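Please read them with the coordinates open.

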Amino acid sequence: MIQTDILIIGAGPTGLFAVFEAGLLQLKCHIIDALPQPGGQLAELYPKKPIFDIPGYPSVLAGDLVTNLMEQIKQFQPGFTLGETAETIEKLEDGTFIVTTNEGTKHQAKAIAIAGGLGTFEPRKPILKDIEFYEKEDRGVDYFVKDPEKYRGKNIVIAGGGDSALDWSIFLSNVANSVTLVHRRNEFRGALDSVEKVQELKNAEKIKLVTPAEVVGFNGSERITAVDIEVNGARMKVECDYFIPLFGLTPKLGPIANWGLEIEKNAIKVNNALDYQTNIDGIYAIGDVNIYPGKLKLILCGFHEATLMCQSVYNRINPGKRYVLKYTTVSGVDGFDGTRKEAEKAVVKSID
Amino acid sequence: MPQDITIFITDRNGVKHEVLAPTDMNMNIMELIRSYELAEEGTVGVCGGMAMCASCQCYVLNDVISLERNPDEEAMLWEAYHVKDNSRLGCQIHITEDLEGLELEIAPEQ
């Protein structure tokens, strides 16, 4: 069982920054996220788009903000359970919680911080006969690329017309034996460099493009051996080991909705006068997932909420223990990995 | 002083609302729907207005605006559900004085 002080649900900017503020208070964090990589919406929906309202950054790409946050929290050695969804919660007599994911991974924590944003991102699935059969037990349908190595030397069919379809086609063209990209239109919608790169790889015959087309069926008795593709009314069969439909993701509040938390307008009600705690003692909700009078769903508000949450958890775990807020400039940052960051000392020296 | 305009919006339960929309706040139809809470929070404008989720899809019911979609909007609507010829994404309709009297219906949830 994974043990930690604060179990954070959601690896978006708010959840990641909470690790830093917790670390300053000597609290350890572990993060669960349904997506295979940290960053939440920023990494999944708009990594290449700029954000203009992060204080101190006139402009920062969403993907860069995630990279920076990961760098900022590195010394506090957060644990990650990625690609799994927090499913059930149990409160033990000693006040700690056990959270179990959909894959059975158990986490024990002294406090829970739900930083789930819009909710769990669930893949939009194409409506195809037998898809439920093939998406189980590695039978060939995947909605995420969790471990690219799995596709080494394999034949892959990717469907979709957006950034993730383009980017994974590019990436896997160097790993897989073959990559076929199927899209309903001839036009793709993504970052210009991704579209151009796919064009280049198509010309070099490293990606096979099938458009305007749609995957309409599967072949294979135990697992996928080929997919049927309809192109302009004609059918063709493409042999493959994996079919990866990338049609975007829809956020759902998910299993958290059944944890007995007070929900209003698809968000979790918290006490914003104090510490962003929910109606269940020891469970907090921070960032876009919470609601209170005057709530604004902004990254900068999430950072503030994460900071106050950590102070509250400190007091909860260490009742009566004295602590005063310190400035990192003055006290430096001592990592759990033994590193120390500190301001350079001023010199006291006469000037002749 | 810019004038507010009147827009008619039918919600997902079939109820028609007459709402006043400011023309000087750089708002779009998705934001107008959210500001009047005409659809449940979390079910409209999920992506924040980047034409990336189609949760603000509307059907245009009169000819106050053109049905022409911008390329981002068009690409999103290729992949969305419940799309009709008169579908537009609310987040891509910028509110200006030209929209006076526009009638819309919010499409079902994605």
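1. Start with helix α5 (residues 163-172) of chain A, which packs on α6(A) at an angle of about 45 degrees, with 9 Å between the axes. This is a predicted model, so local features are taken only where pLDDT is at least 70. The two helices, α5(A) and α6(A), are therefore oblique to each other. The crossing of α5(A) past α6(A) is left-handed.

2. Which residues of α5(A) and α6(A) meet? From α5(A) come A:D163, A:L166, A:D167, A:S169 and A:I170. From α6(A) come A:S194, A:V195, A:K197, A:V198 and A:L201. By class, this contact of α5(A) with α6(A) holds five nonpolar, two polar and three charged residues. On helices in general: an α-helix has 3.6 residues a turn, so residues three or four places apart point the same way.

3. Helix α6 of chain A covers residues 192-203, 12 residues in total. From first C-alpha to last, α6(A) reaches 17 Å, close to the 16 Å expected at 1.5 Å a residue. After α6(A) comes A:E205, with a positive phi near 60 degrees.

4. A:Q77 sits in the loop between α3 (62-73) and β5 (79-82) of chain A. Please look at this loop in the model.

5. Where is the cis peptide bond? It joins A:T211 and A:P212, and omega is about -20 degrees. A:P212 belongs to the loop between β12 (208-210) and β13 (213-219) of chain A.

6. Now the helix pair α1 and α7 of chain A. Helix α1 (residues 13-24) and helix α7 (residues 299-317) cross at roughly 35 degrees, and their axes come within 8 Å. The crossing of α1(A) past α7(A) is right-handed. On the α1(A) side, the contact uses A:P13, A:T14, A:F17, A:A18, A:E21 and A:A22. On the α7(A) side are A:I299, A:G302, A:F303, A:E305, A:A306, A:T307, A:M309 and A:C310. By class, the contact of α1(A) with α7(A) has nine nonpolar, three polar and two charged residues.

7. Helix α1(A) also packs on α3(A), at an angle of about 20 degrees and with axes 9 Å apart. That makes α1(A) roughly parallel to α3(A). Here α1(A) passes α3(A) in a left-handed crossing. The α1(A) residues in contact are A:P13, A:L16, A:F17, A:V19, A:F20 and A:G23. Their partners in α3(A) are A:L65, A:L69, A:M70, A:Q72 and A:I73. By class, this contact of α1(A) with α3(A) has nine nonpolar, two polar and no charged residues.

8. On domains, the assignment for chain A gives domain 1 (2-121 + 250-340) and domain 2 (125-247). How far apart are the C-alpha centres of domain 1 and domain 2 of chain A? They lie 34 Å apart.

9. Last, the contact between the chains. How many residues does each chain give to the contact? Chain A gives 15 residues and chain B gives 12 residues. By class, the chain B side that touches chain A has six nonpolar, two polar and four charged residues.

Definitions and conventions: Residues are numbered from 1 along each chain as its sequence is written. Chains are lettered from A and ligands numbered from 1 in the order in which they are written. This is a predicted model: local features need pLDDT of at least 70, side-chain atom pairs count only at pLDDT 80 or more; totals for chains, interfaces and linings use all residues. Two residues are in contact if their C-beta atoms, placed from the backbone, lie within 7 Å. Ala, Val, Leu, Ile, Met, Phe, Trp, Tyr, Cys and Pro count as nonpolar, Asp, Glu, Lys and Arg as charged, and the others, Gly among them, as polar. Helices (H or I, at least four residues) and strands (E, at least two) are DSSP runs, numbered from the N terminus. The expected span of a helix is 1.5 Å times one less than its number of residues. Domain bounds come from an automatic or database domain assignment. Axes are lines fitted to C-alpha atoms, for helices over the stretch in contact, and angles run from 0 to 180 degrees between N-to-C directions. Angles under 35 degrees count as roughly parallel, over 145 as roughly antiparallel, 65 to 115 as roughly perpendicular and the rest as oblique. A crossing is left-handed if the near helix is turned anticlockwise from the far one by less than a right angle, and right-handed if clockwise.
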